[in-house]
Amino acid sequence: MPDIQKSSRPSYLRGAAILASAAILAKIIGAIFKIPLGNLLDDNTYGLFSVAYRVYALLLAISYAGIPTAMSRLVSAAVERGETRQARRYFKVALPAFAVVGMVASVLMFVFAPQLASFMEGEDAALAIRVLSPAVFLCCVVSVYEGYSMGYSDMMPTAVKQIVEVTAKLVFGLGVAWLVLRPIPKQLLENGKMGRILTAAQQSTAAAAAISGAVIGLALALPVLIIYKRRRTDRAIVLRGETAPIGRTLGTILKVSIPITLGSAAMSVVSLADTKIVRSALMDGAGLTKEVAGSMFGIYEKAMTLFTMVPAL
């Protein structure tokens, strides 16, 4: 097999183009998912969906954000020094370490789902939070594979992962939500439109069904990354150089990843605080009932989805 260091590696611009193209396509597919989802779910249910996703985003930032950047930086530096054995050691140390971190975060998210939902003034979102909890573990594992490939300047696995994940979210998220809501008959609402009047239990179930696509997407993306690494990256590497002790290797990974994680988590904390403040203001400040406040928050989230799409692209 050719030495990956001496072979023609993708250029920086090509890698950036691959990631940019994948990101744009992922955002388009994401819009195709969220726009019909907003029409499928009533406003209150969409608000519960958003509450669960905000809680997930915070735990995701804590357990996931810094891993790909840290891995790609460390692996790339090791490869440039000709220490491909150490580059592989980074992967072998990071995978179990961050898998444990992700597992702990997923368990905490599952166990304390009612408390998290109550804190966010959305008690009925507890089921959706529990359904989404395995995604934190999957993200931690997936991110190690992503960072390792990016360290070798190979952006294709990350691009494929994004497309697989968001496509599965579209197909399964919408599909499962539709199957859950299908038996519930539509009727004429006060605004003159046809729609469904859902009980609190039905809203909770529908929100959980819609958000299940995120977990399924990651579960499908992980085998793709594993196969790609074994068939492409590993076969092209000529192992060279010495390796550092496991403890020092883990310490280096944490030293690089923790500052990035804290910075990313700060934005998620602000977003989570915004959700709590808005919902609290609608109920306590404006004196609205939980149902009316939930519906208004769902309308707010639908508008924010369209607003954030442009800067995200």
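Reply: By class, 13 charged, ten polar and ten nonpolar residues line the second largest pocket. Here Asp, Glu, Lys and Arg count as charged; Ala, Val, Leu, Ile, Met, Phe, Trp, Tyr, Cys and Pro as nonpolar; the others, Gly among them, as polar. The lining has 33 residues in total, and Asp42, Asp43, Leu189, Arg196 and Ser295 lie nearest the centre. A pocket is an open set of points on a 1 Å grid over the protein atoms alone, where a 1.4 Å probe fits, with protein on both sides within 12 Å along at least five of seven lines; lining residues have an atom within 4 Å of a point. The space amounts to about 920 Å³, taken as the volume filled by probe spheres set on the points, which are joined across faces, edges and corners.

Helix H11 (290–312) gives the largest share of the lining, six residues. H1 (12–40), H2 (43–64), H9 (200–233) and strand E2 each supply at least two. Helices (H or I, at least four residues) and strands (E, at least two) are DSSP runs, numbered from the N terminus.

Now confidence. This is a predicted model; local features need pLDDT of at least 70, side-chain atom pairs count only at pLDDT 80 or more, and totals for chains, interfaces and linings use all residues. Residues are numbered from 1 along each chain as its sequence is written, and side-chain values use heavy atoms, without hydrogens or water. The chain averages a pLDDT (the predictor's confidence in each residue, from 0 to 100) of 84, and 91% of residues score at least 70. Strand E2 (residues 194–195) has the lowest confidence, at a mean of 71. Over residues 1–9, pLDDT is below 50. Where pLDDT is low, the predicted coordinates should not be read in detail.

Technical notes: Contact means heavy atoms within 4.5 Å.
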